[in-house]
Amino acid sequence: MTSKATAKLKSDGWTILETTGFMHLVGPLWERKVGGQYEFALATEDKHHNRRGMVQGGVMMTFADRTCGMTARYVSGKEYMATVQLDTHFVEAGKIGDILISRPRVVRSTRSLIFMSTEVTVDDRCIVMANGVFKILKGPA
């Protein structure tokens with residue numbers, strides 16, 4: 001990630017999320033809370049490119065999935081969740097160097113499922129729309 005992107009995110013109140021495993025390879029992921037709502041950022045780098053030199057669709061899907069799942073956890077207070085379904089619509093290509101922003105919201109919550117929605121934006125342009133269903137689990141297994 002460029003020092004310019006890092007400086008911009010820090011100056012706008014973002015902090016890096018601690019990640020492990022696959023998400024550590026994708027990130028770093030950034031987080032902030034604005035007006036009681038969670039927001040997430042991913043500064044795209046060369047490692048995120050597809051064969052056309054644009055941001056790989058799987059990166060954007062992973063970003064939408066993780067940010068919706070994290071928000072579902074935060075809002076519900078439940079620690080363990082699994083993605084049941086994730087519908088993704090690619091509206092526009094992302095360019096390497098773009099800072100992707102996700103602002104997930106809860107659509108509906110039941111005792112066992114949480115329905116989420118997010119738009120991934122770049123400079124207020126929607127590039128991905130995603131809707132997900134997350135199952136509340138009893139434990140990590």
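This is a predicted model: local features need pLDDT of at least 70, side-chain atom pairs count only at pLDDT 80 or more; totals for chains, interfaces and linings use all residues.
Asp-123 lies in the loop between strand β7 and strand β8, the latter spanning residues 125–136.

Most residues other than glycine have a negative phi, and most peptide bonds are trans. Asp-123, although it is not a glycine, has a positive phi of about 50°, and Asp-124, also placed in the loop between β7 and β8, has a positive phi of about 65° while likewise not being a glycine. Exposed means a relative accessible area over 50%, so Asp-123, with 67%, is exposed, and Asp-124, at 70% relative accessibility, counts as exposed too.

| Residue | Phi | Relative accessible area |
|---|---|---|
| Asp-123 | positive, about 50° | 67% |
| Asp-124 | positive, about 65° | 70% |

Pro-28 itself lies in the loop between helix α2, residues 21–26, and strand β2, residues 29–34.

Turning to the strands, β3 (residues 37–43) and β5 (residues 99–102) run antiparallel and are joined by four bridges, and in this pairing Ala-41 has Ile-101 of β5 as its bridge partner. Strand β5 also pairs in the antiparallel sense with β7, residues 113–122, over two bridges, and here the bridge partner of Ile-101 in β7 is Thr-121.

Notes:
Residues are numbered from 1 along each chain as its sequence is written. Side-chain values use heavy atoms; hydrogens and water are left out. Two strands pair if DSSP finds at least two bridges between them. Buried means under 20% relative accessible area, exposed over 50%, partly exposed in between (1.4 Å probe, protein chains only).
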